[in-house]
Structure formats: C-alpha cells, structure tokens
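Please read them with the structure open.

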Amino acid sequence: MTERNPLPDLSVEKDFDGESFAPIYTTTVTVSGGTASHGRASGRARSADGVLDIDLRMPAELGGDGTGTNPEQLFAAGFSACFHGALSLVARQAALDPSAISVEATVAFGRDPEDGGYLLRVDLVVKWPGVDPGLAAPLLEKADSLCPYAKMAWRGTPTTITLAP
C-alpha cells in the first residue's frame, strides 16, 4: 500500500494581511550554457539544493535535437502543478473530492507580432470526471484568482535583472 503524502499547511484562510510581499519559499536555479554556450540549446539547469539537475535542449521544432527538457515543458509543468494545487484547495473547501482532478497545460512558443520577439501562450484544460460543470465553474474561477502562475499570466510578475559583480 502506498502511503499518501501529507497536505501542505497552506490555506487561503491563513492569508497574510500586510502591505508588502512576504516570501514563504524561495528557490534559486542556475542555468549554464553547455557546449553551445547557449542555455536553451545545450544548457544545464541546477537548483541550489541540487534536487533539480537537468539538461536543457532546444526542441526539434526550433532546430534543436530535442533530447532534453526545454523551458516551455518546465513552465507547463509548473503552471499545471500550481493550478492543480489551487483547485484542490478550493475543492476541499467546497467539500468536494479533488482526487480525480488533472490539469493539462499546453504552452506555445511563438513570435510576438508587436515587437518581433517571442511570446508564450498557455492553455489549461482541467479534467474533473463526475463533477457538474456548473459546480466546477466558480471553483475554476477561484483557483484562477489564487494560483500564482495564473496571477503571473494575467498581471505580470515583478522582475529585477542585475549583473553580478
């Protein structure tokens, strides 16, 4: 028998009531360029704690060999996991069983028509067998308002870029 992982001790009922951002968890991932000196094409991504340590490769559709993980896959995994967590939380608050929920994230990389650079598009598909769509709709909206990845997609994320000394 497989032992269940315990639920995290995070809840919207424990909201931070303050005037500024209060970090709860911080992680650092460093990407190096590899043999092509290009993090996206031949890089390596490693977290400060060493738990994440993967080769990065350009997908074949973008001219790479497609033999490693790419940033869009990592982003899709993060977004779908985060949204799944938010939806599971609101489902439990509504006394619904979230065990059948799955979230599929499709991330498209393409040209930005405004500046000729690049842009990402995200499509999330929630599969929740046996739940009435009318009951699920407000919970999807609530999860969208709670999920940090969704907030990032809708509002943007404060970002700083600094050259190390």
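1. Ser-47 sits in strand β2, residues 44–47. Helices (H or I, at least four residues) and strands (E, at least two) are DSSP runs, numbered from the N terminus. Ser-47 is buried, at a relative accessible area of 5%. Buried means under 20% relative accessible area, exposed over 50%, and partly exposed in between (1.4 Å probe, protein chains only). Leaving aside residues up to four places away in sequence, Ser-47 touches Thr-28, Val-29 and Leu-52. Contact means heavy atoms within 4.5 Å.

2. A word on the basis. This is a predicted model, in which local features need pLDDT of at least 70 and side-chain atom pairs count only at pLDDT 80 or more, while totals for chains, interfaces and linings use all residues. Residues are numbered from 1 along each chain as its sequence is written, and side-chain values use heavy atoms, with hydrogens and water left out.

3. Overall layout. The protein chain has 4 helices and 5 strands. Along the sequence they follow the pattern β-α-β-β-α-β-β-α-α. The C-alpha atoms fill a box of roughly 50 × 45 × 35 Å along the principal axes. Of the 165 residues, 22% count as buried. Take the contacts between residues at least 6 apart in sequence: 37% of them join residues at least 24 apart.

4. Surface. The accessible surface of the protein chain is about 12200 Å², and 56% of that belongs to carbon and sulfur atoms. Accessible areas come from the Shrake-Rupley method with a 1.4 Å probe; for residues, only the protein chains shown count as cover.

5. Which residues of the largest nonpolar core touch the most other members? They are Phe-83, Leu-87, Ile-101, Trp-128, Ala-143 and Cys-147, out of 15 residues in that core. Two or more residues each come from α2 (71–93) and α3 (133–146). The most come from α2, with 6 residues. A nonpolar core is a set of buried Ala, Val, Leu, Ile, Met, Phe, Trp, Tyr and Cys residues joined through side-chain atoms within 4.5 Å.

6. Ile-101 touches His-84, Leu-87, Ala-91, Val-126, Lys-127 and Trp-128, not counting residues up to four places away in sequence. Leu-140 lies in helix α3 and is partly exposed, with a relative accessible area of 29%. Leu-140 and Ala-150 are 10 residues apart in sequence and 11 Å apart in space, C-alpha to C-alpha.

7. The second largest pocket. Its lining has 15 residues, and Phe-79, Val-122, Asp-123, Ala-153 and Trp-154 lie nearest the centre. The elements that give two or more residues to this lining are α2, β5 (118–127), α3 and α4 (148–155). The largest share, 6 residues, comes from β5. A pocket is an open set of points on a 1 Å grid over the protein atoms alone, where a 1.4 Å probe fits, with protein on both sides within 12 Å along at least five of seven lines; lining residues have an atom within 4 Å of a point.

8. Backbone points to check. Ser-37 is not a glycine, yet has a positive phi of about 50 degrees. Ser-37 is in the loop between β1 (29–32) and α1 (39–42), and is exposed at 65% relative accessible area. Ala-95, also not a glycine, has a positive phi of about 60 degrees. The place of Ala-95 is the loop between α2 and β4 (102–111), where Ala-95 is exposed at 70% relative accessible area.
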